[in-house]
Every structure is written in C-alpha cells, then in structure tokens.
Amino acid sequence: MNKLTFHNNRVMQDRRSVCIFLPNDDSLNIIINVKILCHELLVQVCDLLRLKDCHLFGLSVIQNNEHVYMDLAQKLYKYCPKEWKKEASKGIDQFGPPMIIHFRVQYYVENGRLISDRTARYYYYWHLRKQVLHSQCVLREEAYFLLTAFALQADLGDFKRNKHYGKYFEPEAYFPAWVVAKRGKDYILKHVPNMHKDQFALTASEAHLKYIKEAVRLDDVAVHYYRLYKDKREVEASLTLGLTTRGIQIFQNLDEEKQLLYDFPWTNVGKLVFVGKKFEILPDGLPSARKLIYYTGCPLRSRHLLQLLSSSHRLYMNLQPVLRQVRRLEENE
C-alpha cells in the first residue's frame, strides 16, 4: 500500500499542464509528463485533432516576439520556463500555470492540394487567416476582398439573402486593420456580400483551397520572419530574414517598413553556414568573396535558424515533383 502511494505521488510530481493554442483560436489543455519528447506531444495533439497528416505543422514557443519551433527529438523541458519545470503537481486537479505552446504551420506550401488531409488543410487555412490580418500588401488591396469572399463561403456556406444581411460578419476578423481603416466597415459590408454570393455551391474544402492559393500569392503571408544583425555590436536588429515557400529573403528594417535587399530562391542558395552567432549565405555561382555575413545574436538562435532553413529547403526539394504533377492536373481541369 505504501509503495503504491509513493509511486502515485512520484508520478504526479512528474506531471505538468500545457495549453496548446490552435490556429482557429481554440486551445487544448493537456496533462503531460515533464520528460516528454516534443515529438510525442505533437503526436498527442494531432491525435486529439484527428489530424492524419501533420508534417507541415510544428510546436513553437514565443521568445522575444519570435516563434521558435521545437526540435521534435528534444525533450519539452528544453523549451519551458524554469518555474514550470520546478512546479510540482499538488494533486490530480491542482497543477501550476500551464506552459503556453503554439500548434501552427512550420512549413508553407504554395498549393493546398499538396495537403491531402482535410483536417490539416482546415488548420493550414486558419493559420493563413491569421497571417492575412497582419499583411501589408497595399498594392494588392483587391486580394483581401476576394480572400474574405472565400473565407465567408468556407465559414458560413452559401450566401442566403434572408440570413446574410447587415453586419453578418466582422470585417476585422477577415481584413487587415489598414484596409478596414481606409475603406470603412460600411463600404466592406456593402460590397463583400456580392462577392460571397459569387462563390455559390463551393464546398468548405474547395473554399479552403481557393483561399490558400490566393493567400500565398501575397508577399508577406506565407513567410516566417526573424531578426538579423549587420554586425556583433548592433543592439537593435537592422535586418530581417524572411523564410518563404521558395527560399530566403533579406530585408533592411526602415521604421515600420521593410525594404527588400536580397531574394534568394532555394536553387540559388549554394550554402548556409552558422558558426556561433555568425550566419553566412553563399549564393550559388558567385565567388566566395561575395558571401553575405550576418549575425543572429546568440548560438541558440543560430542553431534554431539552421535547422528551420535546412528542413524547409529539404521539404521544398522533395515536393517539387509532386507540385509539378498537381499543376498538370489543374491545367487539365
């Protein structure tokens, strides 16, 4: 009896609470073992969501306003706050504050047909929905109206005159704030219903596909951004690295805007080198003297970026034959 009691206490001491934020604003609260592998937690999340194809998704924590994606081979406590690891359970229903983890898209693809699992496509769609709210493509304003029409068809189904009138959706939930400020809610609520009506008979899955295809055409939606430094002494990062579906971009930070300096498709990236805090890009076909040298701020960030860039490049190369096949099918439709 004593032995069993001791075992149960020990088990409970190793339990912790995590809160997984999902792209559609839902969340999952899970009780886990403190020594769980990140991969095991991802499998649990995918099982709970009934998501069969999760290779485009990852788990991340926010550090200094950036999403750091977990190395799935590592134990979760490598990414946790110190207090969370130390906080022992006080009983079955008495856990300390949960660790916040984000389940989100880690690898972008340019065509939703590459995502065969409809549940995975649904969460991919919702991730892009959130990205679109922060998009700043001022020369592509019409795209946000079309995206909203696809999203309303996906979320609400066919337009019904007796049901969808007045303020039947919140413009702020579909448009970037600058479009709402520029056009006004009344303008949006007047013009979008006709565009919603034009999507008649599209299934939710078809609307998700159309949304994905249009959203990734916006330059700043299917992109992960990370700070870079020109030299070791910089305090505020003067550069931004953009990881896109097709390669790497380097931006100069100018007040609230970013000015594109370099755009390297994966086919033009000869080599990526991370040594400590230093990050080197060697463009293909150029002499080694033309390599670009930047700084990440710390070796841990370097390791994270190297892993993310390498795995993104690998996935891009692996998907090319499938993408060509998908394009041929679309052309024949």
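How many helices and strands does the chain have? The chain has nine helices and 12 strands, where helices (H or I, at least four residues) and strands (E, at least two) are DSSP runs numbered from the N terminus. The model is predicted, so local features need pLDDT of at least 70 and side-chain atom pairs count only at pLDDT 80 or more, whereas totals for chains, interfaces and linings use all residues. Residues are numbered from 1 along each chain as its sequence is written, and side-chain values use heavy atoms, with hydrogens and water left out.

Taken along the principal axes, the C-alpha atoms fill a box of roughly 70 × 60 × 40 Å. Of the 333 residues, 48% count as buried, that is, under 20% relative accessible area with a 1.4 Å probe and protein chains only. Among the contacts with a separation of 6 or more, 58% come from residues 24 or more positions apart; a contact means heavy atoms within 4.5 Å.

Attention may now turn to one pair of helices. Helix α4 (residues 118-132) packs against helix α8 (residues 204-215) at an angle of about 45°, and their axes are 10 Å apart. Axes here are lines fitted to C-alpha atoms, for helices over the stretch in contact, and angles run from 0 to 180 degrees between N-to-C directions. The angle makes α4 oblique to α8, the class left when angles under 35 degrees (roughly parallel), over 145 (roughly antiparallel) and 65 to 115 (roughly perpendicular) are set aside. On the α4 side, the contact includes Tyr122, Tyr125 and Leu128, and on the α8 side it includes His208, Tyr211 and Ile212.

The structure holds 14 aromatic pairs; rings of Phe, Tyr and Trp (its six-membered ring) pair if their centres lie within 6.5 Å, and planes under 30 degrees apart count as stacked, over 60 as edge-to-face and the rest as tilted. Tyrosine 125 and tryptophan 126 form an edge-to-face pair, because their ring centres are 5.8 Å apart and their planes stand at 70°. Both tyrosine 125 and tryptophan 126 are buried. Tyrosine 125 also pairs edge-to-face with tyrosine 211, since the centres are 5.1 Å apart and the planes at 85°. Because tyrosine 125 lies in helix α4 and tyrosine 211 in helix α8, this pair ties together parts that are 86 residues apart in sequence. The relative accessible area is 0% for tyrosine 125 and 2% for tyrosine 211. Elsewhere, ring pairs link Phe57, Phe103, Tyr122 and Tyr123 into a cluster.

Terms used: Buried means under 20% relative accessible area, exposed over 50%, partly exposed in between (1.4 Å probe, protein chains only).
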